[in-house]
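Please read the following briefing alongside the sequence and the coordinates.

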Amino acid sequence: MAEKIVVTAGGSSSPASDSETAGSKINERALLRKLDMRLLPAVGILYLLSFLDRSNVGNARIEGLLDDLHITGNQYLTSLTLYFVGYVLFEIPCNIILKRTTPRIWLPTLTIAWGIVATLMGIVQNLSGFFVARFCLGAESGLFPGVVFYFSMWYKRRERQYRISLFFSAASLAGAFGGILAYGIGRMRGVVFENGWRWIFILEGILTVVVAAAAYGFVHNYPDTSKFLSEDERNFIHQRLAADSDATHNESFTWAAVVEALKDPNCWLYGLGFHTMSLPLYTSSLFLPTIITNLGYTAATAQLLTVPPYAFAFINTVAVAILSEKFCQRAIFIGCSAIFAAIGYSILLGNTDPLGIPGVSYLGVILSVGGIYPATALVLSWPAINVSGQTKRAISNALQISVGNLGAVIGTQLYRATDGPRFIVGHSVALAYLLANAVVVAILGIRLRRENRRRETIVEEIKHVGEVADWRGDSDPRWRFEY
């Protein structure tokens with residue numbers, strides 16, 4: 001077969017690889033749009049269902065859950081904590097299974113598993129059954145880190161943050177849809193069951209199972225086997241990834257890399273950044289219906305009033321992700337979003353008569369939710385683009401999620417029934433955490449910028465990490481951080 005020739009800038013000719021020839025034929029922006037349309041909606045809808053099934057307990061609470069199961073307020077808070085215990089325990093096994101199988105098999109299967117658990121929560125008869133169901137629901141912990149890893153097999157380093165943020169925006173959509181669904185389903189009170197909370201779990205759980213079963217047909221594996229790509233497109237994607245990151249390196253596990261991650265202050269700051277966002281994130285998603293009900297609204301009205309804050313959060317998350325990507329800035333957008341949310345909590349705390357002036361408190365709710373989600377999306381995507389070295393990145397991601405979820409565990413114990421309608425303890429702690437987040441990301445951003453400047457005086461930035469055989473990870477002075 002005739003050898004392919006590429007003419008270089010100097011006029012000489014050299015043999016061309018298949019990937020180089022493919023690259024000359026491929027419109028990169030068009031290919032990225034194609035990938036986004038095929039990948040993001042598929043995993044986004046699974047994450048929407050994940051967040052819907054973990055947070056609809058807040059909608060169920062105001063539809064008679066506690067009375068029917070004879071659960072006290074403190075026992076309800078314990079059930080929320082148990083979810084995060086399961087979340088932490090299931091996370092590592094879920095990721096191991098993903099690497100041993102494929103995304104097309106494992107992600108839908110995982111979704112079916114937690115969908116069944118979510119459905120069964122609708123037929124529990126006592127506190128013990130409810131505790132077991134909430135613990136097992138934590139199996140959905142494998143989805144988010146699994147998708148972050150999945151994206152690393154498709155997108156270049158600096159393309160992932162935007163996609164992860166868009167993916168996470170499905171969480172705010174889940175809150176909006178959850179309110180609408182809970183309003184409609186709550187009207188089924190008296191149909192088979194005395195109260196409508198059981199139908200919230202049953203119908204939304206069945207929806208998860210049905211969509212997950214269909215996902216076997218629309219979730220794609222990796223570029224090498226995906227049928228919607230041409231051979232040239234596959235070669236081009238492999239070429240992009242090989243040059244851009246360490247994903248194609250054959251890096252063996254070493255304890256030295258683990259120690260390096262644990263000794264790196266930046267890795268702990270990524271974790272602290274998520275820790276200070278996870279508490280307000282999960283307290284808002286789990287307790288928002290209760291907070292609004294305590295403003296004097298009926299359960300049905302409160303379900304509908306949860307929709308606008310989440311709709312605003314979705315718009316904000318997408319907008320902030322676009323701006324962050326455009327200006328290549330992370331810390332400033334995270335910090336400003338956290339402060340925006342803090343203003344909302346300040347309004348909630350400042351309103352001494354929430355029953356008399358519920359509109360003021362509701363404005364605080366909208367602002368707080370609208371700031372929490374974009375900040376969380378950027379925090380979660382930060383180490384994915386900054387930490388280099390496969391083992392170190394894996395440890396950094398695990399550290400971030402583990403440290404972060406400690407904030408969620410603390411948050412589940414803050415909003416006690418006796419604290420309404422002002423919920424001073426819960427709102428105050430959430431406010432403090434948001435202000436702490438602004439401080440943490442400012443410190444981290446300054447550290448990364450100073451390190452970049454120091455390295456600029458030593459050596460130029462590396463452009464093709466994948467082509468370096470002895471790559472040392474982000475400790476290499478040729479590496480530059482996104483701040």
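In this predicted model, Tyr-76, Leu-77, Leu-80 and Phe-84 of helix 3 make contact with Tyr-282, Leu-286 and Phe-287 of helix 11. Sorted by class, the residues of this contact are 7 nonpolar, with no polar and no charged residues among them. The two elements span residues 73–100 in the case of helix 3 and residues 265–293 in the case of helix 11, and their axes come within 13 Å and cross at roughly 135°.

**Helix 3 and helix 11: geometry**
- The crossing in which helix 3 passes helix 11 is right-handed.

**Helix 6 and helix 7**
- Helix 6, which covers residues 143–152, packs with helix 7 at an angle of about 145°, and their axes are 10 Å apart.
- Helix 6 passes helix 7 in a crossing that is right-handed.
- On the side of helix 6 the contact is made by Phe-144, Val-147, Val-148, Phe-151 and Ser-152, which meet Arg-160, Arg-163, Ile-164, Phe-167 and Phe-168 on the side of helix 7.
- The residues of this contact divide into 7 nonpolar, 1 polar and 2 charged.

**Helix 14 and helix 15**
- The axes of helix 14 (residues 331–350) and helix 15 (residues 358–386) lie 7 Å apart, and the two helices pack at an angle of about 155°.
- Since angles over 145 degrees count as roughly antiparallel, helix 14 and helix 15 are therefore roughly antiparallel to each other.
- Their crossing is left-handed, and the contact of helix 14 with helix 15 comprises 20 nonpolar and 7 polar residues, with no charged residues.

**Aromatic pairs**
- Across the whole structure, a search finds 27 aromatic pairs.
- One of them is formed by Tyr-47 and Phe-168, whose rings are tilted, with 6.1 Å from centre to centre and 40° between the planes.
- This pair links distant parts of the chain, with Tyr-47 in helix 2 (residues 28–69) and Phe-168 in helix 7 (residues 157–186), 121 residues apart.
- Phe-168 is also among the residues of helix 7 that meet helix 6.

**Backbone features in loops**
- Most residues other than glycine have a negative phi, and most peptide bonds are trans.
- His-70, a residue other than glycine, has a positive phi near 55°, and His-70 is located in the loop between helix 2 and helix 3.
- The peptide bond from Gly-420 to Pro-421 is cis, with omega near 5°, and Pro-421 belongs to the loop between helix 16 (390–411) and helix 17 (424–456).

**Confidence**
- The protein chain has an average pLDDT of 88, and 92% of the residues score at least 70.
- Over residues 1–21, however, the pLDDT is below 50, and beyond near neighbours in sequence this stretch has 22 contacts in the model.
- Where pLDDT is low, the predicted coordinates should not be read in detail.

Terms used: Residues are numbered from 1 along each chain as its sequence is written. This is a predicted model: local features need pLDDT of at least 70, side-chain atom pairs count only at pLDDT 80 or more; totals for chains, interfaces and linings use all residues. Side-chain values use heavy atoms; hydrogens and water are left out. Axes are lines fitted to C-alpha atoms, for helices over the stretch in contact, and angles run from 0 to 180 degrees between N-to-C directions. Helices (H or I, at least four residues) and strands (E, at least two) are DSSP runs, numbered from the N terminus. A crossing is left-handed if the near helix is turned anticlockwise from the far one by less than a right angle, and right-handed if clockwise. Contact means heavy atoms within 4.5 Å. Ala, Val, Leu, Ile, Met, Phe, Trp, Tyr, Cys and Pro count as nonpolar, Asp, Glu, Lys and Arg as charged, and the others, Gly among them, as polar. pLDDT is the predictor's confidence in each residue, from 0 to 100. Rings of Phe, Tyr and Trp (its six-membered ring) pair if their centres lie within 6.5 Å; planes under 30 degrees apart count as stacked, over 60 as edge-to-face and the rest as tilted. Angles under 35 degrees count as roughly parallel, over 145 as roughly antiparallel, 65 to 115 as roughly perpendicular and the rest as oblique.
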